[in-house]
Protein chains: 2
Amino acid sequence: MNNAYAHSLATNSQMTQISVNRCFDGEQHYYRHESPATKTSMTFSIYLPDEALAGQRCPAILYLSGLTCNADNVTHKAHFQQKCSELGMIFIAPDTSPRSSDDDEVPDDERYFVGQGASYYVDATKAPWSENFNMQSYIVDELYDLLRSEFAISSIGIMGHSMGGHGALLLGFKFPSKFVSVSALSPVCAASESDWGQAAYTEYFGDDKELWTQADAAHTIARVGQQYAGVLVDQGAADNFLAEGQLQTEKLQQACDKAEQPLTLRYQAGHDHSYYFIQTVINDHIWHHWRMAQLA
Amino acid sequence: MNNAYAHSLATNSQMTQISVNRCFDGEQHYYRHESPATKTSMTFSIYLPDEALAGQRCPAILYLSGLTCNADNVTHKAHFQQKCSELGMIFIAPDTSPRSSDDDEVPDDERYFVGQGASYYVDATKAPWSENFNMQSYIVDELYDLLRSEFAISSIGIMGHSMGGHGALLLGFKFPSKFVSVSALSPVCAASESDWGQAAYTEYFGDDKELWTQADAAHTIARVGQQYAGVLVDQGAADNFLAEGQLQTEKLQQACDKAEQPLTLRYQAGHDHSYYFIQTVINDHIWHHWRMAQLA
């Protein structure tokens, strides 16, 4: 994002407020804004504790959702609001991809793990995807700057679930100057080596395997080395996608070992891949990001 | 429910398990079963803490949802699971009405507050509704007995939201021998005097105003007098349905005054009628039912 655009946002907001609901000691808001990166309108939710509503700068969590999701799933089902209210944390949930609307026609694919609603936080290089599918730039430049200019944010941590967990690990280690903390729930750990990711990266990057590697979380962690005091990852031990080999959690452990990146990796007995699992462990993740923000 | 039917359930379950997900230290289950009262298949969700899964009898909350809802809304959005896991409580969410399916044709109405998905916990007397719309018998006889025969339940409290809050107050005071505790969130307090309830009761009961009165929570409380050590009610002060006169909270206060029924009625500043409000106060309600169960 160029400075002129950032300045225009700060002085003349291009966000449209969609809804406000009081929740615990704070408010759940939704906004829509026009994105130059995706060339579409984009929606995000943001939970603002009363401190932030009063203008006091609070630490924030940027939460990246998984395949098939939009901002609603985590906002309705993960129950982050109570702990964020208690600790005074902001929680932001962006959409997972550009989407077609009356105003915008966006490419799509029949497979749920490619195209609209699929959650790869990368900039596609291959047509037709490269026109709109620039979610890395959207998240780390555009939305990041918009959030910092529009809300009382002191620092930003990044977390995500499933393919959004891959995005959180990838962007957290590719852009460590932007984030003070990283965590993930049931993450895909090496998208370029999973069936889902290989299908998507073939579309988005073609045969350029260097681009695949740059868009792979485990490769990136191993390459850049330690960036955070600790990384927290929870994984359901009864997760069917773990059994099917989509998640490859062992590759995250290997990458962190190589990077000498401290990793707290917890396998939770009996838990699956669902939001019932997410709500079970999310308080620990909010606490992790809050602690790291105090140290930042 | 006759004893022969209850016996057949106990010895040869007619429930079909739809799903199981681990959530905190317990499991969220869904079941379907054939209902003689509604002459349809009915679905409910039940959260079972590990103690109950191990066969230890636990107190239970029967939660009645509001207009337009089914068992999913509260199960996905209210976040009762954490507190129920902590306290060792069972939480049951039935559907709000009979519904048409491939096997069953059920009457309906274009208005969202009449017919399928509308949540009146009464037995209709007028055709065509009287064939299926027998939700009072479904809840207090059929489902009640099914739950007690199939799960490790020590006692049952009843709560609900909006028109389900009306149902909880109505059934709790009509059948005090069945329930050990009552609470409500944003309840309709006098259905026979609200626009929604008058439309529905005209369909379900016709002109017999004695039936309307028997199906009215405030009237019932005033008539039967004190039944519980205390009743807990939370109401959002910024609730649009309160402003529109659908809830008539003052009639609940007047009825409890007349009945000498202790009532804790809390108006929550800034809060609306949504699940964001429900999740904000539900822990206090679970705690209320847990305390009352200890006294029972």
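A rotation of 180 degrees with 0.0 Å of shift along its axis places chain B on chain A, with an RMSD of 0.0 Å (least-squares superposition on the C-alpha atoms of residues with pLDDT of at least 70 in both copies). This is therefore the relation of a two-fold axis. The model is predicted: local features need pLDDT of at least 70, side-chain atom pairs count only at pLDDT 80 or more, and totals for chains, interfaces and linings use all residues. Residues are numbered from 1 along each chain as its sequence is written, and chains are lettered from A and ligands numbered from 1 in the order in which they are written.

**The axis**
- In chain B, the C-alpha nearest the axis belongs to Lys77(B), 2.7 Å from it.

**Helices H9(B) and H11(B)**
- Helix H9 (residues 217-224) and helix H11 (residues 249-259) of chain B pack at about 10 degrees, with axes 7 Å apart (helices are DSSP runs of H or I, at least four residues; strands are runs of E, at least two).
- H9(B) is therefore roughly parallel to H11(B) (angles under 35 degrees).
- Residues of H9(B) that meet H11(B) include Ile221(B).

**Strand S6(A)**
- Seven of the nine residues of strand S6 (residues 153-161) of chain A are buried, so the strand is largely enclosed by the rest of the structure (buried: 20 or more other C-beta atoms within 10 Å of its own, C-beta atoms being placed from the backbone).
- S6(A) pairs with strand S4 (residues 58-64) of chain A in the parallel sense over seven bridges (pairing needs at least two DSSP bridges).
- Gly160(A) in S6(A) is the bridge partner of Leu64(A).
- S6(A) also pairs with strand S7 (residues 182-185) of chain A in the parallel sense, over four bridges.
- Val182(A) in S7(A) stands opposite Ile158(A).

Note on methods: Axes fitted to C-alpha atoms, helices over the stretch in contact; angles between N-to-C directions. Parallel < 35°, antiparallel > 145°, perpendicular 65-115°, else oblique. Contact = placed C-beta atoms within 7 Å. Buried ≥ 20, exposed ≤ 12 C-beta atoms within 10 Å, placed from the backbone.
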